[in-house]
Amino acid sequence: MTRESNMWAREALRQPQLTHAARRTPGGRPAPAPLESVHQALRILEVINRYSGGVSLTQIARETNLPQLVLLRAVEQLIRANLVTAIGPDAYVAGHALLLADSVSGEGRGHLRETLAWVRDAVGAAVYVARYTDGEVCITQYADGPTAPVVEEWVDFRAAAHASAVGKALLTQLDYDNRKDHLDRHRMTRFTPHTLTSQEALFHQLDARQPNAPLLDLQEYAIGTVCAAVPITSGPNAECVALSIPVPDPGRLKQAARILQSEAAAVLLALIVAGSTGPTARKDDTGQAGAAGFGSTILSTTA
């Protein structure tokens with residue numbers, strides 16, 4: 001994003017965390033699609049924030065130059081994220097959630113839990129947020145339920161980046177040297193007959209995918225489970241939002257992945273509002289601190 005974009009983001013929202021949405025991804029790579037949606041949302045918020053008495057969609061469109069369908073979609077997400085409130089048939093003001101970004105209360109994280117639970121129900125599967133931090137894959141939040149169980153972590157996720165959708169979505173945001181460093185530290189073990197064990201083949205898969213296409217795990221981590229992940233970034237580290245389905249159903253995975261893509265921006269906005277930090281440490285079987293699996297999650301939702 002441009003220097004000008006950063007300026008209006010700071011002026012509109014006056015929250016340090018929110019300016020992360022106007023940054024490029026690690027290594028200077030182009031921002032993924034969810035960041036483009038957040039960039040558009042910030043432009044809308046910048047306009048709304050200037051009109052304390054409310055502003056119409058026509059005026060917002062005039063000042064942002066966004067196409068009508070893009071504008072309507074973005075406003076819908078902002079309303080759901082409580083970043084914008086409708087006060088009339090065609091009048092919008094800044095929402096309550098904007099005040100939560102720097103709050104030390106649990107309201108911002110409560111909003112994130114609600115967002116993840118909504119996405120869980122929309123995709124019909126457990127959803128996760130993961131971050132690449134200190135050279136490791138960490139699941140930082142998740143939302144599951146009786147009909148949307150989390151994937152069984154039978155192998156530490158830190159050692160399975162090459163075989164999981166989460167790991168691939170994080171690795172694809174790293175440059176070659178950092179990918180190589182990670183895989184030098186975590187050998188590409190074969191977990192199922194579908195697991196890739198060649199660095200060259202994995203790097204080709206990551207780099208040859210179509211822009212904005214989700215990263216997939218087609219029973220590569222565990223037989224009977226398929227997963228999809230979409231890269232997002234709300235800070236200096238690579239992040240992603242993912243889902244897992246405990247049945248090898250390509251049609252269901254494709255539909256769920258499409259919904260996940262469409263809601264990735266909403267998750268990113270919720271992360272920004274929550275001011276999400278790294279996961280808390282847990283102790284593994286040796287008694288040493290770790291931060292990889294569900295034992296280290298800072299948020300979870302079961303309903």
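Analyst: A cavity here is a set of grid points where a 1.4 Å probe fits but cannot get out, and its volume is the space filled by probe spheres set on those points. The model is a predicted one.

User: How much space lies in the largest cavity?
Analyst: The structure holds three cavities of 30 Å³ or more. In the largest cavity, the space comes to about 120 Å³.

User: How many nonpolar residues are in the lining of the largest cavity?
Analyst: The lining includes Tyr 128, Ile 139, Val 151, Phe 157, Val 166 and Tyr 221, and also Ser 164 and Asp 217. Helix H6 and strand S7 each give at least two residues to this lining. Sorted by class, the lining has one polar residue, one charged residue and, as the number asked for, 10 nonpolar residues.

User: Which residues does Cys 240 touch, not counting residues up to four places away in sequence?
Analyst: With residues up to four places away in sequence not counted, Cys 240 touches Tyr 128, Val 129, Ala 130, Val 166, Ala 169, Leu 170, Ala 229, Val 230, Pro 231 and Ile 232.

User: What share of the 303 residues in the protein is buried?
Analyst: The secondary structure of the protein comes to nine helices and 10 strands. A residue counts as buried when its relative accessible area is under 20%. Of the 303 residues, the buried share is 54%.

User: Is Ala 125 buried or exposed?
Analyst: Ala 125 has its place in the loop between helix H5 (107-123) and S3. Leaving aside neighbours within four places in sequence, Ala 125 is in contact with Arg 120, Ala 148, Leu 243, Ser 244 and Ile 245. Because its relative accessible area is 1%, Ala 125 counts as buried.

User: How far apart are the C-alpha atoms of Ala 125 and Cys 227?
Analyst: Along the chain, Ala 125 and Cys 227 are 102 residues apart.

User: Is Ile 272 buried or exposed?
Analyst: Ile 272 lies in helix H9, which runs over residues 250-274. Thr 233 is 39 residues away from Ile 272 in sequence, while the two are 9.6 Å apart in space, C-alpha to C-alpha. With a relative accessible area of 3%, Ile 272 is buried.

User: What is the phi of Asp 134, and is this residue buried or exposed?
Analyst: Most residues other than glycine have a negative phi. Asp 134, in the loop between S3 and S4, is not a glycine and yet has a positive phi of about 55°. Since its relative accessibility is 76%, Asp 134 counts as exposed.

User: Where is Gln 219 found, and is Gln 219 buried or exposed?
Analyst: Gln 219 is a residue other than glycine with a positive phi, near 60°. Gln 219 is found in the loop between strand S5 (215-218) and S6. Because its relative accessible area is 18%, Gln 219 is buried.

Methods. Residues are numbered from 1 along each chain as its sequence is written. This is a predicted model: local features need pLDDT of at least 70, side-chain atom pairs count only at pLDDT 80 or more; totals for chains, interfaces and linings use all residues. Side-chain values use heavy atoms; hydrogens and water are left out. Contact means heavy atoms within 4.5 Å. On a 1 Å grid over the protein atoms alone, a cavity is a set of points where a 1.4 Å probe fits but cannot get out, and a pocket is an open set with protein on both sides within 12 Å along at least five of seven lines; lining residues have an atom within 4 Å of a point. Helices (H or I, at least four residues) and strands (E, at least two) are DSSP runs, numbered from the N terminus. Ala, Val, Leu, Ile, Met, Phe, Trp, Tyr, Cys and Pro count as nonpolar, Asp, Glu, Lys and Arg as charged, and the others, Gly among them, as polar. Buried means under 20% relative accessible area, exposed over 50%, partly exposed in between (1.4 Å probe, protein chains only).
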